[in-house]
Amino acid sequence: MTAPLLYALAGALLCGLGLFGLLCLSHLLRKLLAFNVMGSGVFLVMVGLPQHQGGPDPVPQALVLTGIVVAIAATALAVVLIRRYYHLSGLTTLDAEPTSREGGQE
Amino acid sequence: MTLNMWMPLFALMTSLMASLVIFVLPEQGYRLRTAVNLGAALVKLGIVAVMVWGVFHGVDYGLSFTMLPGVEFVLKADALSMMFAGLSAVLWFLTTIYAVGYLEDSPNRSRFFGFFSLCVASTMGIALAGNLFTFFLFYEMLTLATYPLVVHRGTEQALRAGRAYVIYTLTGGAVLLLAIAWLQGLVGDLPFREGGHFGDADPALHGSLILIFVLLIAGLGVKAAIFPLHGWLPQAMVAPAPVSALLHAVAVVKAGAFGIVRVVYDIYGIEASAMLGLLEPLAWLAAFTILYGSARALSQVDLKRRLAFSTVSQVSYIILGICLFGPVGATGGLVHLLHQGIMKITLFFCAGNYAETLGIHRIDEMDGAGRRMPGTSLAFTVGAFGMIGAPPLAGFITKWTMGTGALASNMDWVIGVLVLSSLLNAAYFLPILHRLWFREPRGSWPHERQWGRLETSAWLFWPPMLTAAMTVLVGVLASLPFSPLSWAELVVLRAYSS
Amino acid sequence: MIQALRISAIAIACLMFVAGLAASIWAIAGNPLPESLPQLLSENMSRSGVEHPVTAVLLNFRSYDTLLEIGVLVIAGIAGISMAKTTSLEDPELRTSDSLLYALQRWFVPLMLVLAGYLLWAGADRPGGAFQAGAVLAATGVLMRLGGIPMEFIRPGLLLRLGLALGFTVFLLVALASAIGGDAFLAYPPAMAKTLIVVIESVLTLSIAMVLLALFVSAPVNDAEDPEEGGSS
Amino acid sequence: MTLWLMAGLLFTPLAWAVLTLLTDFSRGRLVSWAGILVQVLVSLGLWLAVARDGGFYYGLGGWDAPLGIELRVDGLAVTFVLLTAVVAGACGLHAGAYIDPDKPWHRYFWPLFWFLWSGLNAVWLGGDLFNLYVGLELISLSAVGLVALGGQAGALRASLRYLLAALLGSLAYLLGVALIYGQFGTLSIAGVATWLSDHPVPSGSGMALALMIAGLALKTALFPLHRWLPPAHGIAKSPVSALLSALVVKASFYIAARLWLELGQPIGSLAAAQLIGLLGSAAVVWGSWLACRQQRLKQVVAYSSVAQIGYLFLLFPLTFSVSETVSLQAQQGMTLQVISHALAKAAMFLAAGNLILSVGSNRVDALAGVSRFLPFSLFSFGLAGVSLMSLPPSGGFAAKWLLLQASLGSGQWWWVLVLLAGGLLSAAYIFRIYRASFLESSGTDQFFHPSRSLEVIPLILAMLALGLGLASDQVLTVMALPFEGEGAP
């Protein structure tokens with residue numbers, strides 16, 4: 001058991017946690033956070049697993065860097081959408097069809 | 001790259017192009033549309049005439065290209081295809097004339113004539129298809145093109161009929177597709193060939209071949225309205241009369257029957273079909289349908305529904321004919337492909353005339369109509385006697401030939417079926433004739449229209465007169481060359497000799 | 001009750017997922033690695049134009065990834081400003097006059113700018129690079145914004161859109177230039193690799209900062225909306 | 001020459017995204033039309049080049065795999081590139097006339113449109129697992145942005161669902177990529193496949209493949225992961241719906257198919273293949289059933305996509321442990337299904353948009369009597385429906401025929417039932433719309449004829465879908481071209 005392997009296993013755990021959150025939580029922001037937790041898990045696996053045997057490997061590090069930027073972009077887009085959705089419908093979950101449009105306070 | 005190669009495509013294209021042009025024409029362009037329609041029908045008549053002449057003299061018309069890996073698109077003209085092509089070309093022309101008159105002043109004519117031409121194009125394709133795959137292509141196209149015609153009136157009843165039609169035919173199409181795909185996977189792409197392919201089939205394949213045959217017949221039987229797959233046909237009679245006439249007397253039901261002929265003769269081969277024991281059950285089924293259709297026709301009060309059940313019965317003559325394992329019986333069946341078309345279209349034209357001129361739809365309203373419309377009623381009478389099989393009309397030729405064929409191949413029970421069916425025919429047609437000629441008219445007609453000099457519009461009057469005359473002529477002149485009977489003999493000769 | 005059952009079912013499924021994943025990771029960790037990319041990478045480092053391997057991967061070996069990734073970032077930025085009020089991205093409510101924040105910002109802003117510059121420069125031979133620098137730069141902007149310094153340029157006008165597109169455009173032009181020169185798309189001439197990478201990194205830093213900042217400050221939500229097609233009647 | 005074409009192909013959409021970002025909608029439209037022209041020409045040129053000389057690998061940045069990113073430019077990829085050019089070009093032209101230029105947020109339509117296009121090209125050509133991930137994200141985020149553009153709460157809700165589903169799918173895929181890299185030390189699909197061809201399958205790679213395919217299946221909306229698709233596709237503007245249904249879902253499917261064809265035989269299992277096939281069949285049945293029950297026109301079309309996608313997944317069982325011939329038939333069938341569905345569904349959505357514009361309502365019953373006005377859009381809708389019902393001579397029929405042959409050839413007759421039943425079920429929902437349009441009712445005299453340019457585009461697409469069946473053999477020949485496995489040119 002090396003440290004990178006431990007990272008990878010921790011990543012697996014984070015993936016499971018994030019998945020659980022994504023499926024069970026209903027508040028949109030929480031869902032989004034769960035997505036980020038899961039994303040972090042994936043990145044940990046990605047960096048940890050190859051470095052377990054081969055020592056430092058710049059390729060997955062670069063990939064993760066790219067992945068993080070993509071995740072940031074996705075998160076930002078989601079936040080923007082959630083805010084506008086809340087503004088227009090007053091809802092923070094996707095459970096009910098939006099009917100009224102009294103809107104939330106911004 | 002000769003002209004002959006392209007002839008089948010031209011025959012197909014005349015109606016297809018007419019259809020496209022008509023779709024684009026504005027609704028009000030009445031004259032132009034009629035001109036396009038009749039022009040295309042005449043051109044097609046010419047092309048088909050040339051091809052009939054050519055096929056008789058052994059010219060090879062054929063066009064093919066690879067459509068999918070291992071599958072060819074083949075158009076080809078042989079004696080059998082010219083039989084069907086000739087029938088639809090002639091009757092298309094007459095029906096177009098009739099439809100122009102029938103639909104005068106009614107809405108959606110652009111749509112109607114567009115799809116009408118599309119139907120004829122599909123029928124042409126079915127006639128000229130050179131293998132099962134191509135046949136299927138046009139067979140399904142016919143389904144689609146007919147739907148708008150069945151629901152043309154847009155009433156709830158029409159839409160219901162359309163739904164029944166689509167459910168029956170598309171399911172039949174799916175079964176047919178399964179059968180064709182299976183056959184293709186088993187033995188590869190098979191062109192239609194006189195004499196068939198399975199004369200020396202591997203005995204290991206027999207089981208699959210029998211099953212495929214059953215599926216093919218089930219798929220084709222829907223359009224041919226074989227019992228118990230006939231349910232859509234009487235319902236579809238809500239369509240306007242020209243549609244009922246051309247499509248349900250000629251195109252759709254004949255497409256099914258024609259397909260069965262193709263399968264038995266040109267795919268399996270008559271000997272192989274007999275060897276696999278496929279003909280006898282099919283003959284029994286056809287015989288039952290003949291009697292069943294006639295019996296049901298007896299109890300119908302609506303004129304067009306009675307004619308529809310009569311169609312159910314008559315189409316099965318064709319199938320029964322080819323199941324009589326022998327050249328004479330086969331000739332009888334094939335010639336009925338033409339005879340039934342001519343007779344039935346006459347009857348439908350007349351039914352349409354009664355409906356359009358006098359507002360008559362039910363049989364009990366027909367009392368004395370013969371005096372008001374003697375020409376139409378004369379045509380109706382000729383058609384009805386033809387159906388019954390009175391000599392020397394078209395139907396007699398069929399029944400006589402089939403009866404001889406049945407005796408020749410030792411299937412004596414068929415004679416019984418023919419006699420019984422003729423009696424039933426008489427039982428449901430003679431009362432109508434009695435009402436037409438020998439009863440006093442009631443006070444007034446349900447919905448009468450005056451057209452001037454003739455008893456009805458000229459557009460409506462002449463087509464049934466012509467087809468009635470043809471009913472007489474094909475019977476009287478049956479022994480001349482190029483008569484339906486001689487042509488059917490030519491087809492059978494080629495099928496049995498190879 | 002059903003809710004609890006559902007949650008426990010999902011929990012069990014997730015646990016199984018973790019177990020399966022961990023088992024696979026364990027199994028893979030035990031297998032020998034068939035191909036060693038790091039070795040190949042170090043052999044080619046000299047041709048990459050930079051010393052730090054991560055930067056080399058990002059901006060040379062796998063620069064197409066980076067190019068598309070900037071595209072993703074720009075998309076997020078576009079989506080962000082498409083939902084903002086069209087006249088201004090300024091939100092008066094966000095502007096505070098907190099003296100503590102003001103003081104902090106006087107100290108921090110110059111420091112952060114320097115840090116961003118350093119990170120950008122460091123990217124060539126040690127951890128750092130355009131993303132890190134851009135993030136710091138964006139954070140500076142956020143801080144300034146919270147502290148009440150007006151930022152007139154952040155409005156969905158041409159200037160902001162230019163800013164969003166700048167880094168991407170330069171990157172793309174470099175890629176195209178190499179293709180016009182008859183080489184593959186994105187292939188830098190080895191002699192110029194270093195210069196080009198530095199240029200790209202600098203403009204990318206600006207653009208990344210701009211996108212992040214635009215996303216952060218596009219606070220007021222636009223009330224105007226499209227009716228659904230055919231939904232009105 | 002080919003090099004220039006490749007550069008043009010990659011450069012144009014990205015450059016036009018930037019250009020249109022700097023303009024407003026109306027000017028962006030002119031710029032985009034020019035761009036569409038360029039892109040169609042470049043795609044056509046590349047297609048012709050590959051049709052003449054065969055495929056090749058294109059190393060980006062001059063670096064070959066595994067160090068750099070290699071694009072796999074083969075017959076299949078360029079065919080899809082050309083398909084994208086045709087369909088996206090048509091949607092772009094249609095959108096230019098369809099979308100209201102006065103709404104300020106519509107200026108962002110064009111950049112998102114072009115980013116979407118570049119993402120699609122990246123996916124068709126991609127040969128590198130991680131690069132495909134970035135391409136997928138490019139597609140997903142721009143698609144979500146397009147759905148949400150200026151939308152109401154309903155549209156935002158749909159796009160949020162879409163976004164969350166897409167992100168979860170991407171993460172699952174990325175996790176699979178991480179495992180693959182951990183195992184094989186390379187990101188190139190070809191590299192992994194080559195190594196697997198002469199080594200035993202290492203343990204743990206099954207999980208990687210399963211994760212990737214599951215993630216992609218979620219993004220492709222395979223039953224039972226399809227719930228996000230109909231709201232998003234139904235509520236977006238018609239040209240956007242067309243793009244999403246025709247191309248976007250195909251991108252993730254394409255990757256899954258590529259992975260399965262390269263790695264499925266060694267890594268996959270019979271049970272997995274059959275399971276995926278089963279899910280595809282369930283999608284066909286369930287999607288069609290739901291399509292029959294929808295009240296709104298575009299929802300019908302959207303559920304139809306769920307059903308049609310189901311057919312695609314029959315590829316998995318039909319290529320696993322079967323003879324070469326059967327596998328080839330299944331692949332060809334799948335390709336034709338992708339192409340014909342893309343053309344037909346784009347035509348259908350665009351026509352549906354026109355019809356909604358004409359009758360002023362998005363409900364199916366509102367179509368009562370419109371066939372009287374002989375609208376071209378209804379005709380296009382009908383023609384596209386022929387392809388979806390897989391009736392001859394459409395491309396859908398050709399696809400079904402090949403899949404039927406493959407099922408019969410491999411003895412997996414149960415898929416035959418699915419194919420036939422699926423055709424009938426799709427007829428049920430399509431004839432429902434025909435039926436509505438033929439109903440003669442008194443109250444429908446208002447009919448607004450949209451401009452000709454709006455009506456012609458779906459008609460052309462529908463004609464292409466219909467005619468594809470007749471030209472299938474030619475199309476398939478290009479895809480079966482030899483591939484020269486050498487490195488970058």
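Predicted model: local features only at pLDDT ≥ 70, side-chain atom pairs only at ≥ 80, totals over all residues.
**Chat about the chain contacts**

Me: Happy with that. How many residues of chain D are in contact with chain C?
Reply: Chain D puts in 65 residues, against 53 residues of chain C.

Me: And which element of chain D gives the most to that side?
Reply: Helix 5 of chain D, with 10 residues. Helices (H or I, at least four residues) and strands (E, at least two) are DSSP runs, numbered from the N terminus.

Me: What about the residue classes there, on the side of chain D that touches chain C?
Reply: You get 38 nonpolar, 24 polar and three charged residues. Here Ala, Val, Leu, Ile, Met, Phe, Trp, Tyr, Cys and Pro count as nonpolar, Asp, Glu, Lys and Arg as charged, and the others, Gly among them, as polar.

Me: Switching over: how many residues does the contact between chains B and D take from each chain?
Reply: It takes 30 residues from chain B and 30 residues from chain D. On the chain B side, helix 6 of chain B has the largest share, 13 residues. That side has 18 nonpolar, nine polar and three charged residues.

Me: Where does chain B stand relative to chains A and C?
Reply: Chain B does not touch chain A, and their nearest C-alpha atoms are 35 Å apart. Chain B does not touch chain C either, with nearest C-alpha atoms 25 Å apart.

Me: How many helices and strands does chain B have?
Reply: Chain B has 19 helices and two strands. Its C-alpha trace spans about 70 × 55 × 45 Å along the principal axes.

Me: Last one, what about confidence in chain D?
Reply: Its mean pLDDT (the predictor's confidence in each residue, from 0 to 100) is 89, and 97% of its residues reach 70 or more. Residues 485-489 of chain D have pLDDT below 50, and this stretch has 12 contacts in the model beyond near neighbours in sequence. The model scores ipTM 0.89 and pTM 0.92.

Key:
Residues numbered from 1 in each chain as written. Chains lettered and ligands numbered in written order. Contact = placed C-beta atoms within 7 Å.
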